[in-house]
Amino acid sequence: MAKVLVVYHSMSGNTRQMAEAIAEGARSVSGTEVDVKAGLEATIEDLLECAGVALGSPDYFSDMAGGMKDFFDRTYYPAQDKVTGKPCVIFGSAGGPPTVVIESLRKMAETFKLQEAAEPVGASGTPTEDVLEECQELGRKLAEATQS
Ligand SMILES: Cc1cc2nc3c(=O)[nH]c(=O)nc-3n(C[C@H](O)[C@H](O)[C@H](O)COP(=O)(O)O)c2cc1C
(Lines give C-alpha, C1' and ligand atoms only; values in the text may rest on other atoms or scores of the structure.)
Protein backbone atom coordinates (compact mmCIF):
# COMPACT_ATOMS: atom_id res chain seq x y z
CA MET A 1 0.00 0.00 0.00
CA ALA A 2 1.27 3.49 -0.88
CA LYS A 3 0.52 6.01 1.84
CA VAL A 4 -0.74 9.50 1.00
CA LEU A 5 -0.49 12.10 3.77
CA VAL A 6 -2.80 15.13 3.77
CA VAL A 7 -1.49 17.91 6.05
CA TYR A 8 -3.58 21.02 6.49
CA HIS A 9 -4.69 23.74 8.87
CA SER A 10 -8.24 25.04 9.19
CA MET A 11 -10.01 27.15 11.78
CA SER A 12 -13.45 27.63 10.23
CA GLY A 13 -13.61 24.48 8.09
CA ASN A 14 -13.06 25.68 4.50
CA THR A 15 -9.61 24.16 4.08
CA ARG A 16 -10.75 21.07 6.02
CA GLN A 17 -13.47 20.41 3.44
CA MET A 18 -10.84 20.61 0.71
CA ALA A 19 -8.51 18.28 2.64
CA GLU A 20 -11.31 15.73 3.05
CA ALA A 21 -12.14 15.85 -0.67
CA ILE A 22 -8.46 15.31 -1.53
CA ALA A 23 -8.35 12.34 0.86
CA GLU A 24 -11.49 10.90 -0.75
CA GLY A 25 -9.96 11.22 -4.23
CA ALA A 26 -6.71 9.60 -3.12
CA ARG A 27 -8.59 6.70 -1.46
CA SER A 28 -10.39 6.01 -4.74
CA VAL A 29 -7.07 4.88 -6.28
CA SER A 30 -6.59 1.24 -5.39
CA GLY A 31 -3.54 0.38 -3.33
CA THR A 32 -3.62 3.77 -1.57
CA GLU A 33 -3.86 4.32 2.17
CA VAL A 34 -4.59 7.89 3.36
CA ASP A 35 -3.74 9.74 6.57
CA VAL A 36 -5.22 13.19 7.23
CA LYS A 37 -3.47 15.28 9.85
CA ALA A 38 -3.49 18.85 11.14
CA GLY A 39 -0.19 20.68 10.64
CA LEU A 40 0.20 20.98 14.41
CA GLU A 41 0.02 17.19 14.90
CA ALA A 42 1.77 15.83 11.78
CA THR A 43 5.26 14.55 12.54
CA ILE A 44 8.55 14.06 10.71
CA GLU A 45 7.83 10.29 10.72
CA ASP A 46 4.53 10.96 8.91
CA LEU A 47 6.40 12.94 6.26
CA LEU A 48 9.21 10.42 5.82
CA GLU A 49 6.89 7.40 5.72
CA CYS A 50 4.39 8.68 3.17
CA ALA A 51 4.79 8.14 -0.55
CA GLY A 52 3.16 11.48 -1.39
CA VAL A 53 1.91 14.52 0.51
CA ALA A 54 -0.87 17.09 0.06
CA LEU A 55 -0.23 20.43 1.76
CA GLY A 56 -3.10 22.83 2.44
CA SER A 57 -3.58 26.11 4.26
CA PRO A 58 -5.89 29.09 4.54
CA ASP A 59 -4.45 32.55 3.96
CA TYR A 60 -4.10 34.20 7.36
CA PHE A 61 -2.57 37.70 7.15
CA SER A 62 -1.27 37.18 3.59
CA ASP A 63 0.68 34.05 4.46
CA MET A 64 0.12 30.39 5.30
CA ALA A 65 -1.46 29.61 8.69
CA GLY A 66 0.81 29.23 11.72
CA GLY A 67 -0.16 25.55 12.04
CA MET A 68 1.38 24.77 8.65
CA LYS A 69 4.42 26.94 9.33
CA ASP A 70 4.92 24.95 12.55
CA PHE A 71 4.92 21.70 10.54
CA PHE A 72 7.51 23.03 8.08
CA ASP A 73 9.64 24.54 10.87
CA ARG A 74 9.76 21.22 12.79
CA THR A 75 10.42 18.97 9.81
CA TYR A 76 12.83 20.96 7.64
CA TYR A 77 16.18 19.84 9.08
CA PRO A 78 15.23 16.18 9.73
CA ALA A 79 13.64 15.91 6.26
CA GLN A 80 16.57 17.47 4.43
CA ASP A 81 17.66 15.31 1.47
CA LYS A 82 15.23 12.55 2.58
CA VAL A 83 12.16 13.73 0.68
CA THR A 84 13.77 14.89 -2.55
CA GLY A 85 11.44 14.23 -5.48
CA LYS A 86 8.56 13.00 -3.29
CA PRO A 87 5.25 13.81 -5.06
CA CYS A 88 3.20 16.61 -3.51
CA VAL A 89 0.13 18.70 -4.27
CA ILE A 90 -0.92 22.05 -2.86
CA PHE A 91 -4.30 23.53 -1.96
CA GLY A 92 -5.33 26.79 -0.35
CA SER A 93 -8.26 28.87 0.79
CA ALA A 94 -8.58 32.62 1.25
CA GLY A 95 -11.20 35.31 1.75
CA GLY A 96 -10.07 36.84 -1.55
CA PRO A 97 -7.97 35.25 -4.30
CA PRO A 98 -5.93 32.31 -2.90
CA THR A 99 -2.82 33.28 -4.90
CA VAL A 100 -0.65 34.36 -1.99
CA VAL A 101 -1.18 31.28 0.18
CA ILE A 102 -0.61 28.98 -2.78
CA GLU A 103 2.65 30.74 -3.62
CA SER A 104 3.70 30.52 0.01
CA LEU A 105 3.09 26.73 0.11
CA ARG A 106 4.78 26.31 -3.27
CA LYS A 107 7.88 28.00 -1.92
CA MET A 108 7.92 25.43 0.90
CA ALA A 109 7.50 22.52 -1.54
CA GLU A 110 10.42 23.89 -3.53
CA THR A 111 12.54 24.37 -0.41
CA PHE A 112 11.89 20.75 0.68
CA LYS A 113 12.60 19.65 -2.94
CA LEU A 114 9.22 17.96 -3.24
CA GLN A 115 7.90 17.38 -6.75
CA GLU A 116 4.50 18.90 -7.57
CA ALA A 117 2.35 16.21 -9.19
CA ALA A 118 -0.42 18.56 -10.40
CA GLU A 119 -1.43 22.21 -10.50
CA PRO A 120 -2.64 23.55 -7.11
CA VAL A 121 -6.32 24.05 -6.27
CA GLY A 122 -7.39 27.28 -4.60
CA ALA A 123 -10.74 28.53 -3.32
CA SER A 124 -12.19 31.81 -2.12
CA GLY A 125 -14.32 31.25 0.98
CA THR A 126 -16.49 28.16 1.32
CA PRO A 127 -15.46 25.68 -1.38
CA THR A 128 -18.11 25.09 -4.05
CA GLU A 129 -19.03 21.65 -5.38
CA ASP A 130 -16.80 22.36 -8.39
CA VAL A 131 -13.84 23.15 -6.14
CA LEU A 132 -14.44 19.98 -4.12
CA GLU A 133 -14.48 17.96 -7.34
CA GLU A 134 -11.18 19.59 -8.34
CA CYS A 135 -9.82 18.59 -4.93
CA GLN A 136 -10.92 14.98 -5.44
CA GLU A 137 -9.14 15.00 -8.79
CA LEU A 138 -6.05 16.46 -7.12
CA GLY A 139 -6.08 13.61 -4.60
CA ARG A 140 -6.42 11.04 -7.39
CA LYS A 141 -3.49 12.57 -9.28
CA LEU A 142 -1.32 12.55 -6.17
CA ALA A 143 -2.15 8.90 -5.44
CA GLU A 144 -1.41 7.95 -9.04
CA ALA A 145 1.93 9.81 -8.89
CA THR A 146 2.94 7.72 -5.85
CA GLN A 147 2.46 4.58 -7.90
CA SER A 148 4.30 5.58 -11.06
C1 LIG B 1 -6.77 35.53 11.25
C2 LIG B 1 -7.25 35.55 9.83
C3 LIG B 1 -6.55 36.26 8.87
C4 LIG B 1 -6.98 36.27 7.54
N5 LIG B 1 -6.25 36.94 6.61
C6 LIG B 1 -6.62 36.89 5.30
C7 LIG B 1 -5.84 37.54 4.30
O8 LIG B 1 -4.82 38.17 4.58
N9 LIG B 1 -6.25 37.44 3.01
C10 LIG B 1 -7.39 36.74 2.64
O11 LIG B 1 -7.71 36.69 1.46
N12 LIG B 1 -8.14 36.13 3.59
C13 LIG B 1 -7.80 36.17 4.90
N14 LIG B 1 -8.55 35.52 5.84
C15 LIG B 1 -9.74 34.76 5.41
C16 LIG B 1 -9.45 33.25 5.33
O17 LIG B 1 -8.30 32.99 4.52
C18 LIG B 1 -10.65 32.50 4.73
O19 LIG B 1 -11.80 32.75 5.47
C20 LIG B 1 -10.39 31.01 4.66
O21 LIG B 1 -11.35 30.41 3.83
C22 LIG B 1 -10.42 30.38 6.04
O23 LIG B 1 -10.10 29.03 5.93
P24 LIG B 1 -10.46 27.98 7.09
O25 LIG B 1 -11.97 27.92 7.18
O26 LIG B 1 -9.88 26.69 6.62
O27 LIG B 1 -9.84 28.47 8.36
C28 LIG B 1 -8.15 35.53 7.18
C29 LIG B 1 -8.86 34.85 8.17
C30 LIG B 1 -8.42 34.84 9.48
C31 LIG B 1 -9.19 34.06 10.52
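Reader: Which element gives the most residues to the shell around the ligand?

Author: Happy to start there: α1 does, with three residues. Helices (H or I, at least four residues) and strands (E, at least two) are DSSP runs, numbered from the N terminus. This is a predicted model, where local features need pLDDT of at least 70 and side-chain atom pairs count only at pLDDT 80 or more, while totals for chains, interfaces and linings use all residues. Residues are numbered from 1 along each chain as its sequence is written.

Reader: Which residues come nearest to the ligand?

Author: A residue counts as near if its C-beta atom, placed from the backbone, lies within 6 Å of the molecule. Here, S10, N14, T15, P58 and G95 come nearest of the 17 residues around the ligand. Elements giving two or more residues to this shell are α1 (14-27) and β4 (87-94).

Reader: How do I read the span of α1?

Author: The expected span of a helix is 1.5 Å times one less than its number of residues. With 14 residues, α1 reaches 20 Å from its first C-alpha to its last, close to the 20 Å expected.

Reader: And which residues of α1 are buried?

Author: Buried means that 20 or more other C-beta atoms, placed from the backbone, lie within 10 Å of a residue's own. In α1 these are N14, T15, M18, A19, A21, I22, A23, G25 and A26. They pack against β1, β2 (32-38), β3, β4, β6 and α5.

Reader: What is A54 in contact with?

Author: Contact means C-beta atoms, placed from the backbone, within 7 Å. Leaving aside neighbours within four places in sequence, the partners of A54 include V4, V6, I22 and L142.

Definitions and conventions
Contact = placed C-beta atoms within 7 Å. Buried ≥ 20, exposed ≤ 12 C-beta atoms within 10 Å, placed from the backbone.
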